[in-house]
Amino acid sequence: MATETDTPTDTPANTEGTGAGEIEARVGLRYTLRQVRRDTTARIGIYTIGFITVVAVLASIDHYVFGYGVAEAIWYSPVQDPEQVERLLPPVGMENQFGQGTLEHPMGTDHRGRDILGRLFYGTRIAITVGFMATAIGLIGGTLIGAISGYYGGWIDDVLQRFTETIYAIPFLVLVIAFMTAFGRNLTFAMVGVGITSVPVFNRLIRSRVVSVREEDYIEAARAAGVKDRNIIFRHVIPNSFAPVLVQATLQIGVSILIVAGLSFLGFGAQPPTPSWGQMLSASRNYMLPAPTFSIFPGIAILITVIGFNILGDGLQDALDPRINN
Amino acid sequence: MGLLRYTLWRVAQAIPVLVGIITITFFLANQIPGDPVEIMLGPSPAQGQVEAIRARYGLDRPAYERFLTYLSGVVTGDLGRSIYYDRPVLEMILLRLPVTLYLTVSAFLFAIVTAIPLGVISAKRRNKPADHVSRIVSLIGVSTPSFWIGLMLIIVFAFHLGWFPARGLPLPWASPADIRGAETQLQVVWTSLHHLAMPMVALGTLQMAQITRIERSSMVESLQGEYVKLARAYGVSESKIARKHAFQVAQLPVITIIGLGLSTALGGAVLTETVFEIPGMGRLIITAINNQDYELIMGTTFMFGVAFVVGVIVTDIAYAYIDPRVAYGEET
Amino acid sequence: MSEPLLSVRDLKTQFFTEDGTVRAVDGISFDVHEGEIVGLVGESGAGKSVATSSILRLVDSPGEIVGGEIEFKGETIFGLETGDDGELRPRDEMLTEQEMREQIRGREIAIIFQDPMESLNPVFTVGGQLREFIEINRDLDSDEAKKEAIDMLREVGIPAPESRYDEYPHQFSGGMRQRVLIAMALACQPDLIIADEPTTALDVTVEGEILEMVTDLQERYDTSFVWVTHDMSVVAEICDRVNVMYLGEIIEQAEVNDLFYDTKHPYTTALLDSMPRPDRTVDELRPIEGVMPEAIDPPAGCRFHSRCPEARKVCREVHPEPRDLSEESEAIHAAACVKHDAFDVGYDESQPIDTQAGGGFSAGLTETGGDAE
Ligand code: SF4
């Protein structure tokens with residue numbers, strides 16, 4: 001039987017006329033990958049994200065294992081200006097306008113003489129970590145709340161739903177700022193805070209599915225046969241929500257990266273000297289007139305990363321839900 | 001009348017959410033480490049001064065008691081006193097709130113006015129060049145940080161071209177005496193709009209992009225509706241179908257998205273106000289946090305929540321106004 | 001007999017999909033005369049709805065009318081000719097899209113859709129929608145159109161039409177909505193109404209009421225109908241003449257009594273056997289075996305051969321076109337089945353073949369698949 005849910009993220013698992021076996025096949029990982037590979041835009045998204053993630057992993061290794069030793073050895077330190085001089089170099093190609101520009105610093109340097117390209121490289125670390133971690137927190141929290149809420153119903157459902165509604169009612173950024181003020185102004189709490197803001201999204205997705213499944217005939221039958229609801233929910237409903245959750249999570253990573261960039265811009269994210277894009281933009285504000293490129297590049301880095309996640313999310317949606325584009 | 005009853009019901013429904021917001025903000029504010037009194041009085045306050053101030057602001061009482069006091073205060077319109085500024089919180093908020101609302105509402109107007117035609121054109125010319133352009137524009141729009149758009153606008157249009165001012169946002173109803181270079185009210189309005197242009201675009205772009213996407217997909221769906229087939233079969237012209245028959249139904253998801261987008265937009269206002277140095281609610285909450293000003297933090301957070309809740313109620317009523325099924329009680 | 005009101009000749013409508021060309025309507029011909037109710041019967045997927053939207057030239061992309069002729073009251077709704085360059089092109093007298101909209105749709109040919117729940121626009125009042133279509137198609141001003149709309153609502157049996165005029169579709173029951181759609185069609189005073197399974201979504205009692213009302217109104221307004229349905233009992237109740245469709249083709253065409261009492265095509269027989277009748281017990285009710293193949297790749301020969309209990313080898317080889325099998329003095333009764341002597345292709349000598357109807361499934365012939373409609 002086809003179930004009707006009210007969310008637009010309704011997926012093939014719910015389309016009419018698909019047999020049970022087909023549902024499994026269609027939401028399975030391999031099916032997803034095959035569909036995505038056929039979709040050009042989704043592929044571009046995967047390449048973009050893949051590239052940035054590789055850079056982020058390399059940057060993390062250099063940071064944690066070598067303490068920026070690799071960067072320093074072959075290039076320069078992303079956190080310190082060895083000469084401690086204040087200088088702003090323009091990128092290559094802008095020499096005539098600003099007088100200088102060297103191949104050593106293809107995107108120029110920031111106000112403390114640090115190479116912008118290098119800091120962008122090392123900024124991927126924060127962006128990617130935060131994007132994935134915050135989404136994972138929201139995903140786990142939202143799934144748990146949604147499943148418990150839909151499973152127990154009654155007053156538990158009411159309380160939990162009012163709670164997520166309330167979270168939703170405070171504008172994201174304001175909520176995270178207040179949260180970080182209370183618990184700590186560092187990256188960990190930024191991730192947790194941003195994660196919390198996405199709890200309602202995943203909660204709604206999972207809860208509607210649990211509720212609709214609870215009312216299905218075959219669940220009644222299974223229950224009569226002594227199968228525990230909990231097993232039904234955790235073995236059946238949640239795995240079957242794979243497709244919409246994947247789409248939502250991909251898009252949510254992009255959103256999280258944007259929010260964290262905004263937080264860093266306000267001074268609530270990664271603290272200097274750790275390179276992060278938002279904080280670079282924040283620093284660049286004082287130099288917009290003499291060195292506009294300082295403001296341009298970090299923004300482009302954010303833009304490209306978030307576009308990567310957005311087109312992958314859209315591509316997944318198209319691949320998994322043929323109804324939208326046909 | 002269905003609509004009126006629906007409105008009242010919707011407002012009543014919001015009350016628990018508002019209480020929830022107060023609870024959360026109160027809880028968060030209580031977690032804040034550090035002592036506001038110490039910040040206020042400096043490192044070595046005089047004997048007894050700390051205690052006196054604590055007693056004055058009720059900080060010496062247990063948390064639940066303060067919560068109840070705060071709650072009853074909110075009901076009577078008293079949001080407490082800012083410890084740092086020693087002024088009523090409500091008074092400070094009322095000074096800043098209009099600026100933020102002015103900015104946010106304009107951003108939404110900008111977004112709606114541009115997005116709806118874009119989305120409709122996109123849907124009508126699906127998979128044609130116009131559609132691709134509009135989809136790429138909206139993809140970039142949802143992926144760009146609003147504050148960066150602000151920075152770029154400042155660099156190009158304020159610093160290099162000099163067309164728009166880079167900072168500040170006078171209100172259009174401000175007195176001409178307060179605005180430099182303005183003598184008549186009309187000039188004030190003009191100055192205000194002149195200042196508004198860039199922050200409005202910066203804040204509105206994300207909404208514009210999001211509304212365009214929803215408008216497109218919802219219009220595509222609506223154009224395939226049976227009622228559109230019926231209208232066609234009765235000789236209604238394509239342009240009228242797009243303007244009326246398919247259009248009105250397609251606006252329902254758009255309205256929902258506008259309501260939810262308010263959350264992003266109000267949060268985004270904090271960033272936009274920072275970029276353009278606009279003294280609104282966003283700057284107020286940042287200042288409050290930097291000064292560890294409990295009551296002010298609670299008050300501003302609460303106010304942001306109220307603004308969002310009111311916005312959602314307004315969009316819900318707009319929804320009910322367009323979709324008769326809501327006001328007349330049928331589940332949709 | 002006089003000139004037909006609507007004449008369809010060799011109409012072909014195809015859908016160009018990724019998986020291939022779907023020949024949804026594959027060369028059908030039929031006439032509708034003034035004051036007649038003509039049935040178009042068949043299982044879902046037979047191409048009935050595509051045929052009706054072709055008549056109004058409202059086939060949605062990727063569908064397209066690719067051949068044949070549709071004439072209505074002497075106007076050419078569709079017609080092709082070969083141009084100087086050898087390519088097919090629309091004939092000069094074929095109505096333009098604008099003429100179709102302004103002169104034909106609603107004004108001359110109105111349609112009643114299958115799904116009364118979805119067909120009315122949920123965000124406008126019932127009266128407003130009715131009034132709009134009346135205004136467009138009858139050149140009335142808005143007050144007159146409103147008056148007309150209310151009269152029409154009363155006519156189709158909606159109680160308190162003045163107050164219900166301002167209500168929204170969701171406040172109407174399914175049967176009431178279908179009445180509204182019928183009022184809509186009648187109010188435009190067309191010469192022909194196409195009813196596309198208008199009672200399928202309704203329960204049986206409501207269906208009966210509506211059928212009764214339609215026959216009644218049809219007599220009073222003398223409107224012609226094309227009545228699309230998959231339900232033979234509906235056909236028996238209201239149609240004058242019937243066209244039975246199978247996989248995009250009309251396989252039998254006859255006056256309603258002839259069709260029921262002198263059935264000439266095995267598919268029609270199967271349809272009749274699957275229909276509950278007062279003179280039969282439930283045990284005698286036999287559903288049609290098998291599933292209709294997809295119109296994307298119709299079987300060669302007679303398209304029904306995969307499911308026909310009387311199929312023989314020759315049925316796989318010869319594709320029968322409908323032929324008039326009636327005696328001279330009788331009304332036309334055409335069927336497309338080679339078992340009749342008129343076809344003379346050696347049916348009697350041919351070997352019977354195994355079909356789904358004969359018990360086993362002929363492997364690979366049928367797939368459970370999407371509906372071509
Ligand atoms: S032609 Fe053959 S297969 Fe077709 S209906 Fe007649 S007997 Fe059956």
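Over which residues of chain A does pLDDT stay under 50? Select residues 1-26 of chain A to see them: pLDDT stays under 50 there, and the model has 44 contacts beyond four places in sequence for this stretch. Here pLDDT is the predictor's confidence in each residue, from 0 to 100, and contact means heavy atoms within 4.5 Å.

Before moving on, note that this is a predicted model, in which local features need pLDDT of at least 70 and side-chain atom pairs count only at pLDDT 80 or more, while totals for chains, interfaces and linings use all residues. Residues are numbered from 1 along each chain as its sequence is written, chains are lettered from A and ligands numbered from 1 in the order in which they are written, and side-chain values use heavy atoms, with hydrogens and water left out.

**Stop 1: colour by confidence**

Chain A averages a pLDDT of 73, and 69% of its residues score at least 70. Select helix α1 (residues 20-27) of chain A, where confidence in that chain is lowest at a mean of 41, then α12(A), where it is highest at 86. Helices (H or I, at least four residues) and strands (E, at least two) are DSSP runs, numbered from the N terminus.

Now try chain B, with a mean pLDDT of 84 and 92% of its residues at 70 or more. Its lowest helix is α2 (residues 36-41), at a mean of 64, and its highest is α5 (residues 89-124), at 91.

**Stop 2: where chain A meets chain B**

Show both chains together. The contact takes 46 residues from chain A and 47 residues from chain B. About 4100 Å² is buried between them, with carbon and sulfur atoms giving 76% of that area. Buried area is the accessible area (1.4 Å probe) that two parts lose on being put together, summed over both.

Next, select A:Arg285 and B:Glu277. They form a salt bridge, their closest N and O atoms being 3.5 Å apart. A salt bridge is a side-chain nitrogen of Lys or Arg within 4 Å of a carboxyl oxygen of Asp or Glu, and the rule finds two across the interface of chain A and chain B.

Which elements give two or more residues to the side of chain A that touches chain B? They are α7 (154-169), α8 (172-183), α12 (242-265), α13 (277-284) and α14 (292-320) of chain A. Highlight α14(A), which gives the most, with twelve residues. By class, this side of chain A has 32 nonpolar, nine polar and five charged residues. Ala, Val, Leu, Ile, Met, Phe, Trp, Tyr, Cys and Pro count as nonpolar, Asp, Glu, Lys and Arg as charged, and the others, Gly among them, as polar.

**Stop 3**

Select B:Leu230, B:Ala233 and B:Tyr234, which supply 31% of the area that chain B buries against chain C, more than any other three residues.

Then pick C:Glu132 and B:Lys244, whose side chains meet in a salt bridge (3.0 Å, N to O).

**Last stop: chain C**

Select chain C by itself to find twelve helices and 14 strands. Along its principal axes, the C-alpha trace of chain C spans about 70 × 60 × 50 Å.
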